[in-house]
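Trainee: I have a protein model open and would like to learn how to read it. Could you take me through it step by step?

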Amino acid sequence: MNQLVQATHSMLDIQQVGLQMNQSYILKDVSFNIQAGQFVGLLGPNGAGKSSLLRCIYRFIKPTSGQIKLLDAPIDSYSRQEYAKQVAVVLQDVPEQFNLAVFDVIAMGLTPHKPLFSSMNHKDKYEIATALEKVGLTHKSNQMFSSLSGGEKQRVMIARAMVQQPQLLIMDEPTSHLDVKYQIQIMELAKSLGVSVLASFHDLNLAAAISDHLLVLHNGELKAQGAPSQVLTSELLSDVFGVCAKVTQVPSAHNEQTLVPHIRYHYGYIQ
Ligand SMILES: Nc1ncnc2c1ncn2[C@@H]1O[C@H](COP(=O)(O)OP(=O)(O)OP(=O)(O)O)[C@@H](O)[C@H]1O
């Protein structure tokens, strides 16, 4: 992936984004910034607005107010192809309509970088083979995508995003169909790419362990943002998620010197 962008550059800038549908606010005055190379976790209870916010960023819906900039340019100033060169998206539900082999689905990630009707070269094939290997699906290369398990389909979509070589990777609950090994492996893989990642999570411990920065949405508003150890407090878990939990700080798996929050839930919840 593109490693040229310096860590101090703004990759994505969201200013006062609002979204209204059927007279009700889905997003209200949301502002944040993502730096190049930063891994940002997006949290919030069901219906908080996470998918809606991500849809605004990957241009599936247009916000009612506010501005979204990618690399200092408004996102609607990019052509579809230029935007696809910079931004890859992995969704929670994988498309069912692909009547293609796994290899060909991953090859679709190359489309923004290639002239129309151009054929595949050795480098393209190598990149696809490398992505297949990284998601552990080399042996499934010729299998029809539609016949894969839910978790395998999701790993194929991640491989497709990898060959797309974006500078920003958006993931909407990317681990929802994955077993625990692949939850960790795919998140580690996304982090190792060195690009900016914005990923929504329901597993707060996984988000805390992997993210540099967390955003917490509640009823369409950004309730908190910052380093995981600042954001994930028992007060926030009670106020936003309605759960009683104890939060301790444990050494990060990546760096023993860094402490990350670890949540232990008390069973029973706040009415
Ligand atoms: N097209 C739409 N028309 C009306 N309301 C909508 C529309 N899309 C989303 N909503 C509402 O917006 C709110 C936020 O939905 P969204 O899917 O963004 O939440 P979420 O945080 O991703 O939730 P979850 O964790 O359950 O996936 C919900 O109340 C949802 O019903």
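Predicted model: local features only at pLDDT ≥ 70, side-chain atom pairs only at ≥ 80, totals over all residues.

Trainee: What percentage of the residues of the protein chain count as buried?

Mentor: Of the 271 residues, 37% count as buried.

Trainee: And what is the secondary structure of the protein chain?

Mentor: The chain has 9 helices and 12 strands. Its radius of gyration is 19 Å, close to the 18 Å that the globule rule gives for 271 residues, so the chain is as compact as a globular protein of that length. The C-alpha trace spans about 55 × 40 × 40 Å along its principal axes.

Trainee: Now the sheets, please. How do strands hold on to each other?

Mentor: Strands of a sheet pair through backbone hydrogen bonds, and the pairing is either parallel or antiparallel. Here, 4 strands form an open sheet with antiparallel pairing, in the order E2-E1-E4-E5. Strand E2 (24–35) and strand E5 (73–74) each have a single partner strand, so one side of each is left without a neighbour in the sheet.

Trainee: How many bridges join strand E1 to E2?

Mentor: There are 8 bridges between E2 and strand E1, which covers residues 10–21. For a pair to look up, find Leu12, which stands opposite Ile34 in E2.

Trainee: What should I look for in the backbone angles?

Mentor: Most residues other than glycine have a negative phi. Asp72 is not a glycine, yet its phi is positive, about 70°. Glu173 also has a positive phi, near 45°.

Trainee: Where is Asp72, and is it buried or exposed?

Mentor: Asp72 sits in the loop between strand E4 (65–70) and E5. Asp72 has 9 other C-beta atoms within 10 Å, so it is exposed.

Trainee: And Glu173: where does it lie, and is it buried or exposed?

Mentor: Look in the loop between strand E7 (168–172) and helix H6 (180–192). Glu173 has 20 other C-beta atoms within 10 Å, so it is buried.

Trainee: Last one: which residues are around the ligand?

Mentor: Among them are Met21, Asn22, Ile26, Gly44, Lys50, Ser51 and Ser52. Helix H1 (residues 50–57) gives the largest share of this shell, 3 residues. By type, the shell divides into 3 nonpolar, 7 polar and 1 charged.

Definitions and conventions
Residues numbered from 1 in each chain as written. Near = placed C-beta within 6 Å. Helix = DSSP H or I, 4+ residues; strand = E, 2+ residues; numbered from the N terminus. Nonpolar A, V, L, I, M, F, W, Y, C, P; charged D, E, K, R; others polar. Pairing = 2+ DSSP bridges. Rg over C-alpha atoms; globule rule 2.2 N^0.38 Å. Buried ≥ 20, exposed ≤ 12 C-beta atoms within 10 Å, placed from the backbone.
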